[in-house]
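Visitor: I have a structure open here and would like to go through it piece by piece. Could we begin with the strands and then see where that takes us?

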Amino acid sequence: MRRPGVTGEGLFFLFLLGVFLFNPPLLSIFDIPRQLFGVPLLYIYLFTCWGALLLLVAIIIEKGGDVDELQDSGDEAAGKDRNS
Amino acid sequence: MLQGWVILAVSVLYLSILFAIAYYGDKRAKQKRSLIANPYIYTLSIAVYCTSWTFYGSVGRAASSGMGFLPIYLGPTLMFLLGWFVLRKIIRISKANRIASIADFIASRYGKSTLLGGLVSVIAVIGIMPYISLQLKAISTSFNVLLQYPDLIMPSDLTNLPFFQDTALYVALAMAAFSILFGGRHIDASEHHEGLVAAIAFESVVKLVAFLAVGIFVTFQLYDGFADIFAQAAARPEMARLFTLDSAGGYGSWFSLTALSMVAIICLPRQFQVSVVENVDESHLKKAIWLFPLYLFAINIFVLPIAFGGLLQFPAGQVDADTFVLTIPMAQRHELLALFAFIGGLSAATGMMIVATVAISTMVCNNLVMPVLLRVAWLHLADKGDLTGLLLSIRRGSILFVLLLGYLYMRLIGESYALVSIGLVSFAAAAQFAPAILIGIFWKGANRAGALVGLSAGFLVWAYTLLLPSFARSGWLAQGFLNDGPWGLSLLKPYALFGLSGLDHISHALFWSLAVNISLFIGISLFTRQTIVERGQGVLFVDVFKRTRAGSQVWRGTASIRDLRELVARFLGPKRSQAVFAAYARHRGLAPGDDGPGDVEWVRFAERQLAGAIGTASARVMVATVVDEGTPDIDQVMEILDEASQVIEYSRRLEEKSHQLESATEELQAANARLQELDKLKDDFVSTVSHELRTPLTSIRSFSEILHDNPRAEESQKKKFLGIIIAESERLTRLINDILDLAKMEAGKLDWYMADIDTGGVIEQAVAATSTLFSGDEAVELHVDLPKRLPAVRADRDRLTQVIVNLLSNAAKFCDRERGRVTVTTAVEPQHLRVSVTDNGAGIRLEYQSLIFEKFQQASDTLTDKPQGTGLGLPICREIVDYFGGRIWVESRPGKGSTFSFTVPFADSLAAPAQVAE
């Protein structure tokens, strides 16, 4: 049993991770005319990160507590973020 | 086999299936066996995000800018990660307030402002309507391209068909019929359109499968997997440059597209419709958080391979990349797949059209037409009877209006640039709603004036930097407007406003419009005041999770329940109105037929009911017509005051409690410190007592040993030693008695026999008891100076005697060796009798004067002098005098003798009769 509230926090940090992964400067490392297994590096990088991120989200959500737990954590974190 | 009639028949069949699914969905909803009440249908309905612009356009975009198409789908992925904090809050707010559209949401947030709702509706129509045209055009184009099979002729080379041969018109009409049937049947627009959502979900499945089918065909049939396609592409320099983002306008464009699509997924009217209004259960969002991005992931994997496949297949410039999804299967003579791809594109386009039309027509009806109609005085609409028919007609009329307007737009502007770029332009228009929504649900201070000005200004900048230029590029405005700026003012060039260049058009427009929008929104909110209604709505929205009931809302006045019911009946119909009012009365435990005065709760209830039908702003206006918002009567004022004072009282009590707790804590700390001190004293006491007991024991033991070891000692010496042993034993006994006495006293276990006592008798008795001390060899003179008659005191006789005996024996011990003199005097004071015993001994140094009343403390230096007495006499005296309620003290100066005095209260100072105290 994980401590309550970890799902909401987890999602928030995955959001930050996503912003980090999908934007320069990290993105620019892979933005080069190179191929891996014959496939452009940028294509592989973006889709791998995207897939991995979704996998993490799925794990966090499906293994997380019930809806009530999520709601509680959501309330706390609701004030923290204001995006774009 | 791909003749025109086959394509038409399949299209008609597909649309019929849509109607059937929607019909079935509505039927199931009526039976309360909802088809859509699960997270998967919910997710698929959100996938209406992927329109024909995704289906055909992504490939086209990828063919010119590589991965540059992807931010449009990464943005929503990121936003959905924040779904629990943003989207869920919006859903909760909308459900609580029966919000039916994004215009309603913004209007409701900022004090149910009709003006703001109208403004949002206008922006939505201008910004989004062209997007509907784009879908129509996509259908028309794909149909015409497919019709040429097996030839590949591009749409730009096709002559414009007369409108009655244009498939787009018929599709538009079919979609209007569909939207009217399944999206415009409820009076209450905030109700779920279950059949519609079911059909949308089905369309999402079709377009995904169709796109994947084409993708798999191209990647694995036409080529030998991903590596093969990319390897062939890498060999061609014009394609190899698409491998990096240089072709996509750089990182600025990448970042702004991500941000743009992040807000679009919330702020596009159709997204708001499916993810908020049509949401059946808030918990469905939980699964959608990862399932919807997964859908986007799946539909994007093959975009780049299809784009490269098309570029490799067709000679450069011969085939429009936007049609690759259709033309590659056609070129390969794969008829079924081509037909399937066409149906996929059709499903993507129709899904968007249906939802967007319903969303926009709701806004147009509730936030533009109704408020105007209700306010136009000469129509007397506000006074008319049943308005349900009118309301439904307007709703349906606006659906038809929006779709036909879309069609007209497409026919008029046709192939021009305006239509091609409209996807992102629409996104940018919807993004203008973002500050009002996203800041509005987290910041209570945001107000109507700020939202109104911010939104208007942002919209104007958007129109200037994106809409007007697109007209100019279509040839509707002079080209000089673009190149040199209006009137030749280069600073005002719409694509390089104030000299800002180096960004693509969308990023440039987004930057300026949002900068203006947000800064005006926040700035004006900070420097203008909110009305009470705005403040109330702000709290209601921001604190939606904290509030279980809308308890202390703004004062709205009262109205008779009958008036309210009749008002609601005019918009919802009498039957429905009866039903909801009866249900609410039952809910509140009232008689269903009650027509009496309704309180604030009733007014609020009626307003909520109306809000679903005609929008929050109009609902407020309508309710105001029957509500007596005048001065509340005295009872109601008292009630409000009472509520407020209860809250104040409660907080006051809370504060008091916390003060009490604080002081209790302090007391406890003090008690703890005292306990520790006592513990230390006890330890000291035990060690001192042991020491004191050992001294006499040691001498008894050593003299006994001497006697034992020397049996032949002289008789006189034996006697002397035995005398010492006896004296020491007595001292030991005395010591032990004193210790026991003191311990009992301190523990409060001693029996006290309090009575009225003749003091003179007690003093004489004590003097008699100590007479041996004063009659021995050492000449100590004792003077007892007693008046004839002393008042009685209240004390225990034996204990009082003990005190005087102790003082006398002390005085005898410490008085002058040669000419000892001890005096006993008494003095009658107002409350008590004072007894003093004075000696003429060496006196006590000041620093010892307070110490000598402590246990085992003697004024003389115990190291050099043999201890005289037990060291417990004075502590015992103090305990006894304290118990009597008196005081004991010493006055002394070294060399001048000492006076020990104590006081005992008089007997008559106590009201109670003599009794035995415990």
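Guide: Gladly; in this predicted model, strand β7 of chain B, residues 832–839, pairs with strand β9 of chain B, residues 898–905, in the antiparallel sense, and the pairing runs over eight bridges.

Visitor: Which residue is the bridge partner of H832(B) in β9(B)?

Guide: The partner of H832(B) in that strand is P905(B).

Visitor: And how many bridges are there between β8(B) and β9(B)?

Guide: Strand β8 of chain B, which covers residues 888–892, is joined to β9(B) by five bridges, again in the antiparallel sense, and within this pairing E891(B) stands opposite T899(B) of β9(B).

Visitor: What about the hairpin of β8(B) and β9(B), how many residues lie between the strands?

Guide: Five residues lie between the two strands, and in this hairpin G895(B) takes a positive phi near 85°.

Visitor: Switching to helices, at what angle do α15(B) and α16(B) pack?

Guide: Helix α15 of chain B (residues 303–313) and helix α16 of chain B (residues 324–331) pack at an angle of about 50°, and their axes are 10 Å apart. Angles from 65 to 115 degrees count as roughly perpendicular and those under 35 as roughly parallel, so α15(B) and α16(B) are oblique to each other. The crossing of α15(B) past α16(B) is left-handed.

Visitor: Which residues make that contact?

Guide: From α15(B) the contact takes I306(B), A307(B), G309(B), G310(B) and Q313(B), while α16(B) brings F324(B), V325(B), I328(B) and A331(B). Sorted by class, this contact has six nonpolar residues, three polar ones and no charged ones.

Visitor: Now the other chain: what is chain A built from?

Guide: Chain A has four helices and two strands, and from the N terminus on these elements follow the order α-α-β-β-α-α. Of its 84 residues, 31% are buried. Among the contacts in chain A with a separation of 6 or more, 76% are between residues 24 or more positions apart.

Visitor: How many residues does each chain put into the contact between A and B?

Guide: Chain A contributes 38 residues and chain B contributes 39 residues. On the side of chain A that touches chain B, at least two residues each come from α1 (6–21), β2 (39–40), α3 (41–63) and α4 (67–78) of chain A.

Visitor: Which element gives the most to that side of chain A?

Guide: That is α3(A), with ten residues. By class, the side of chain A that touches chain B has 24 nonpolar, ten polar and four charged residues.

How values were computed. Residues numbered from 1 in each chain as written. Chains lettered and ligands numbered in written order. Predicted model: local features only at pLDDT ≥ 70, side-chain atom pairs only at ≥ 80, totals over all residues. Contact = placed C-beta atoms within 7 Å. Nonpolar A, V, L, I, M, F, W, Y, C, P; charged D, E, K, R; others polar. Buried ≥ 20, exposed ≤ 12 C-beta atoms within 10 Å, placed from the backbone. Pairing = 2+ DSSP bridges. Axes fitted to C-alpha atoms, helices over the stretch in contact; angles between N-to-C directions. Parallel < 35°, antiparallel > 145°, perpendicular 65-115°, else oblique. Left-handed = near helix turned anticlockwise from the far one by under 90°.
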